[in-house]
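Student: I would like a close look at one part of this model. Please take the strands and keep to what can be computed.

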Amino acid sequence: MKNIGWVAICAPILFACSEQPSQEPTTPSAVSDSADSKIAAESAVSKVDVLSEIEAGKDYHSFANPSEVRVTHLDLDLTADFETSTLSGSATLTVERSAPNFNTVVLDTRALNITSVTVDGDAVPFDMGDTDPELGTPLSVELPEGADKLTIAYSTSPEASGVQWLTPAQTAGKQHPFLFTQAQAMHARSFIPLQDSPQVRVTYTATIHTPEALLAVMSASNDPTTARDGEYSFTMPQPVPSYLIALAIGDLKFKPMGERTGVYAEPSMLDAAAKEFEDTEAMLEVTEKTYGPYQWDRYDLLILPPSFPFGGMENPRLSFITPTVIAGDKSLVSLIAHELAHSWSGNTVTNATWRDLWLNEGFTTYLTYRIMEMIYGHDRFKKEAVLGYQDLQNDIQALNEEDEILAIDLRGRNPDDVFSNIPYEKGALFLREIENKIGRENFDAFLMQYFEDFAFKSITTDTFLAYLDETLLVQYPDKLSKARIQKWVFEPDIPEGAPVPESDAFDKIDTTRKAWLAGEVEAANIDTEQWTVHEWLYFLNNMPKELSAEQLAALDAAFSLTTTQNNEIAHSWLMIAVANEYKPAYDRLYEYLVNIGRNKLVKPLYRSLSATPEGKAFAKRAFEEAKPGYHPLTIRANEGFVE
């Protein structure tokens, strides 16, 4: 059922790793338009038949040939040049052949300048194929018989899609430049020539050369006590997919939060970040107890500049985190729980292709809710589950039916298109249904065994379903149905009878909102003393589309919503302000768009502004000022709204 009469503003409170902005509607007209554009529903049988045509395990977003010659190890030696905004140096790849006569290795690249390819110091033939605007350019190298290593000398483009170079003015400290990479989904190829597919896992080492004043960190072993001397060495002994290779360079300091956890940040943000995320060690411990050992040695956080386009990125050993979740009250730390949970689901057990993303994100979202419940209690879990469910409903209202399927067909599309609340929240809801049917203790035991059985492997949806056939469907034939599981994975929408999260706390918010809308209580007399960010988001996100200027002014006067420093509450309030052209909030709106690059926060605002000529002109001014500091992914996602 589509809730046409109410503003369904996405509340991006929870996560998400590599969170691409979902397609949530923000006005009734947007809901209606998306409903009108829905593709006619196909029968369940035909939907499964269509998807069965996909070759399981085939990566349609990579040129690589790992079935013939597979890269197994990477040695990087790179120099960061902030003057030219380039990384230059070499990548030495160790390969394994599936047959002795396979002598051609095919790699993925995007806008790389390849200067030479050598084996044992001798040049070998290589060919740069035709460039695809989405996938980049294949690099084919002819290997001498028996050779298992090749060295590629190269440099990146200043416009590399996976690298952002920030000037000192774009950082918190304003004194030094900053660099960070973002490889998911297929951007590693823009700064390393490799087999850029999640099914290809590599161990790696790296030597990174930087200006002496700066510190380099990677998704690998980081030594918090290392000397700041302009040369840094890293090792990653566990095999990881290419999208989890990450580098950052800046004026960074470290502060421990526990025995195995700590935070890197610019000095001005360090103490606030360490205080905000001080429960990380406790999260790590309860997750280990429930789902098995943490297998990555340390778990540290890197707080990036506000231009980081995502909430967080689960780079192993060192999650990259947006500063927009430093709220001062731990109200947004579920994002930390999410990135930590990826250490089990996503980093240890990985989707083999982007069609299988739900195996990463659905499992991780489910684990996130469980971690938050174990640390902060059942009431908070229920509230966050309700908000997540509303986000899912918003996307189902807006997306085409083929995009509501967990095992999505991405052939011929950019893999970034898979990132919505479907793999996250629908995947988690599917797992919650299994938990409800077989019992939490039994499902926890299943997950612990699953993480052990597939540790450091990349698997497909088909592999997981076969695993269910051999385990839970055998153990609980009276409680689980293969047909029901197929419906969850291969059909759009939420299956009838799925769990619906509820929270008594939100019942009270509904009553309060209705009383205020009816004029029975003034905004200034609403008792919000015990409200958390969850109550505020639920209160705002379920407002009617149209509010009067007097109503908005009363809310703003009572609660200072325009000046709130909680970025999630500000997002929801600014969405209401745009929908109702509440001009007193527009200075804050402009500042918000210019200073935050997190895509899930800014894209809905740009989309809503673009609905009117005046709004589009406002958005264009903000976008042009913000563009130099936006990540390329944020630019790409929003430039269409201001053209």
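Which residue in β7 does V105 stand opposite?

Tutor: V105 stands opposite V141 in β7. This is a predicted model, in which local features need pLDDT of at least 70 and side-chain atom pairs count only at pLDDT 80 or more, while totals for chains, interfaces and linings use all residues. Residues are numbered from 1 along each chain as its sequence is written, and side-chain values use heavy atoms, with hydrogens and water left out.

Five of the six residues in β3 are buried, where buried means under 20% relative accessible area, exposed over 50% and partly exposed in between, with a 1.4 Å probe and protein chains only. β3 and β7 (residues 137-142) run antiparallel and are joined by six bridges; two strands pair if DSSP finds at least two bridges between them. In a regular strand, side chains alternate between the two faces of the sheet.

The loop between β12 (215-218) and β13 (231-241) holds D229. D229 counts as partly exposed because its relative accessibility is 43%.

Methods
Helix = DSSP H or I, 4+ residues; strand = E, 2+ residues; numbered from the N terminus.
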